[in-house]
Amino acid sequence: MRGVFNADSSAAHTELQRALLAYLVEAGAGLRLPIRNDALLRMVCERRSSELLKYEGTLTPINVERALCELQSLVPHAVRLERSELVSVDTVTLRDFQTRLRGLPSEQVGETRMLHRPPPPAPIPMPMPPSGAPPAPAEGEKKSSSSTRKRSATAVQDDDLAEVMDLVNTKTIKQKEKQEQVDEVLELLSKPSAKQASETERFRTAGGSKLKEFCRNSTREDCARINGPYYVCTKIHFRRIIKPHTDVSLGDCSYLDTCRHMNTCPFIHYEVDASDAQRMREGRAQLDPFARVATNRLDMDPFSQHYEPQFVNCDIRTFPMQVLGKFPVIMADPPWDIHMELPYGTMSDDEMRRMNVQVLQDDGVIFLWVTGRAMELGRECLELWGYKFVQELLWVKTNQLQRIIRTGRTGHWINHSKEHCLIGLKGSPRINNNFDCDVICAEVRETSRKPDEMYDLLERLAPGTRKLELFGRPHNVHKGWTTLGNQLSKTQITEPWLRAHLLEEGVFEEEDMTELPHPPDNPAVPPWGGHSPPKKLNEAL
């Protein structure tokens with residue numbers, strides 16, 4: 001609400017407007033926003049002390065807020081004010097506005113208080129009436145005439161202000177042409193290419209989403225008790241597992257199906273209700289909630305043209321990884337030393353830094369799982385290996401009943417209910433952008449086992465390419481993937497050209513590997529993934 005200003009306060013406010021505009025143009029880019037009105041008033045007075053010194057004690061933060069509101073009305077989007085704080089400043093727009101004001105002739109600028117202080121009115125001479133003239137008007141008539149003149153002056157100022165605003169807000173011909181070019185470029189960039197449209201259609205779910213939800217009431221009995229016995233719920237339910245050693249009064253087990261002592265645990269555990277499991281087997285349920293595939297289209301299987309899983313049982317720290325060739329996609333779940341007792345061996349920070357990951361990719365992406373203190377070390381390793389950190393993927397962990405876990409087995413201060421995956425970029429890989437989001441909500445299973453959804457996400461990201469997983473375990477092997485780890489079974493190599501190369505280089509003997517399985521009829525991956533074969537080990541050295 002605007003208050004009533006006398007002549008001195010009006011002059012002070014006009015001077016503040018001029019000083020505030022000049023200060024925002026000069027120092028707006030260096031301001032630490034948001035900034036309160038009282039702090040902004042103090043800064044303006046310190047910078048423009050000579051002009052505002054005579055009005056000391058007259059100006060208040062209310063004047064600053066009023067001046068900013070007036071500036072916002074004159075130049076929309078140049079400044080933004082929220083809750084008595086200046087939250088954004090566009091110095092380029094303000095500088096252009098100030099330049100326009102300085103270039104306007106005074107008759108166009110008029111009496112706008114944002115631009116010029118109104119000059120004091122010149123004294124009007126009072127000539128003596130000639131003889132025979134009518135008598136001078138009475139006192140009341142003088143006041144009425146003075147009010148009429150004031151209203152006329154206000155109307156003139158309003159018209160001049162509107163004219164200035166129209167002039168400032170009107171785009172020049174050059175600005176209009178530039179805006180048209182920008183709009184055209186943005187429209188072209190927003191349209192997917194023919195390849196992008198084809199890939200999107202390839203992975204689109206046939207007939208729309210077929211996601212099948214779990215019932216929030218968990219069991220069929222609880223669902224009937226809450227919704228009534230005649231309510232037909234089509235969602236997936238669970239059944240309580242009650243054994244002789246189960247104490248129902250203790251409630252649910254915190255670890256549910258990940259409990260390591262399920263045969264003796266006295267808490268309640270669960271399994272999928274038998275009738276719902278039968279519906280899924282018969283195909284009457286829309287989608288098996290545990291079937292995590294890259295696509296729900298019944299007419300295609302993105303992994304049908306991939307080679308069978310291949311894996312190498314080795315110590316990654318010493319294995320000559322350059323003999324494997326190049327991989328556009330790498331996923332790694334290193335055994336970071338997070339200063340906690342873990343059911344597996346760990347690697348020191350220096351050992352992680354010395355990993356020879358850079359020989360596996362020229363152009364590609366790497367997905368690096370980190371947790372706890374390894375988040376900073378992971379970024380350091382990405383840089384050492386020649387990658388640029390570009391994004392982060394988050395896995396929100398849920399339990400068997402599809403609720404966020406509250407008793408994770410890691411975390412120094414609070415239990416971890418999520419895990420981070422750093423994404424590094426190297427070179428210029430050919431990948432499908434913007435197919436998936438950066439959050440995965442998936443169930444926790446065995447220790448260190450990551451969601452199966454990751455394999456389908458990466459297949460959509462780079463379909464029909466070679467993919468490598470480091471520090472894998474038996475549950476990590478997948479079609480189209482090469483897995484390296486020291487907990488795998490006998491080495492299995494399914495790519496004929498890789499098998500021949502490993503035998504030629506003497507890395508493995510024939511008896512060290514399983515038999516070569518039958519290759520797919522029409523392999524999606526060409527030999528070495530379309531890259532040149534790796535150099536011989538003696539040449540690489």
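Cys215 has a relative accessibility of 8% and counts as buried, where buried means under 20% relative accessible area, exposed over 50%, and partly exposed in between (1.4 Å probe, protein chains only). The model is predicted: local features need pLDDT of at least 70, side-chain atom pairs count only at pLDDT 80 or more, and totals for chains, interfaces and linings use all residues. Residues are numbered from 1 along each chain as its sequence is written, and side-chain values use heavy atoms, with hydrogens and water left out.

**Cysteines**

A disulfide is a covalent bond between the sulfur atoms of two cysteines. The criterion applied here is a pair of cysteine sulfur atoms within 2.5 Å. Across the whole structure the search returns zero disulfides. For Cys215, the closest cysteine sulfur belongs to Cys223 and lies 3.8 Å away, too far for a bond. Cys45 is partly exposed, at a relative accessible area of 28%.

**Salt bridges**

Side chains of opposite charge can pair when their charged atoms come close. A salt bridge is counted when a side-chain nitrogen of Lys or Arg is within 4 Å of a carboxyl oxygen of Asp or Glu. By this rule the structure has 27 salt bridges.

| Pair | N to O distance |
|---|---|
| Lys479 and Glu308 | 3.8 Å |
| Glu380 and Arg353 | 2.8 Å |
| Arg466 and Glu495 | 2.8 Å |

Elements are DSSP runs numbered from the N terminus, with helices (H or I) of at least four residues and strands (E) of at least two.

Lys479 and Glu308 form a salt bridge. This pair links distant parts of the chain, 171 residues apart: Lys479 is in the loop between strand S13 (467–470) and strand S14 (481–485), and Glu308 is in the loop between helix H11 (274–282) and strand S7 (310–313). Lys479 is partly exposed at 27% relative accessibility, and Glu308 is partly exposed at 34%.

Glu380 and Arg353 form another salt bridge. Glu380 belongs to helix H13 (residues 374–384) and Arg353 to helix H12 (residues 349–353), so the pair ties together parts 27 residues apart in sequence. Glu380 is partly exposed, with 32% relative accessible area, and Arg353 is partly exposed, with 27%.

Arg466 and Glu495 also meet in a salt bridge. Arg466 sits in the loop between helix H14 (453–461) and S13, and Glu495 in the loop between S14 and H15, so this contact ties together parts 29 residues apart in sequence. Both Arg466 and Glu495 are buried.

Separately, a network of salt bridges links Asp333, Lys397, Glu419 and Lys450.

**Helix H15**

Helix H15 spans residues 496–505, and its buried residues are Trp497, Leu498, Arg499, His501, Leu502 and Glu505.

Patches are made of residues with over 30% relative accessible area and no salt bridge; like charges are joined within 9 Å, and nonpolar side chains (Val, Leu, Ile, Met, Phe, Trp, Tyr) within 5 Å. Accessible areas come from the Shrake-Rupley method with a 1.4 Å probe, and for residues only the protein chains shown count as cover.

A nonpolar surface patch consists of Val182, Val185, Leu186 and Leu189, with about 380 Å² of accessible area together. Leu189 is in helix H8 (residues 173–190) and counts as exposed at 67% relative accessibility.

A surface patch of negative charge gathers Glu177, Glu180, Asp183, Glu184 and Glu187. Lys and Arg count as positive and Asp and Glu as negative, while His and the chain ends are not counted; the place of a charge is NZ of Lys, CZ of Arg, CG of Asp or CD of Glu. Glu184 is in helix H8 and is partly exposed, with a relative accessible area of 48%.
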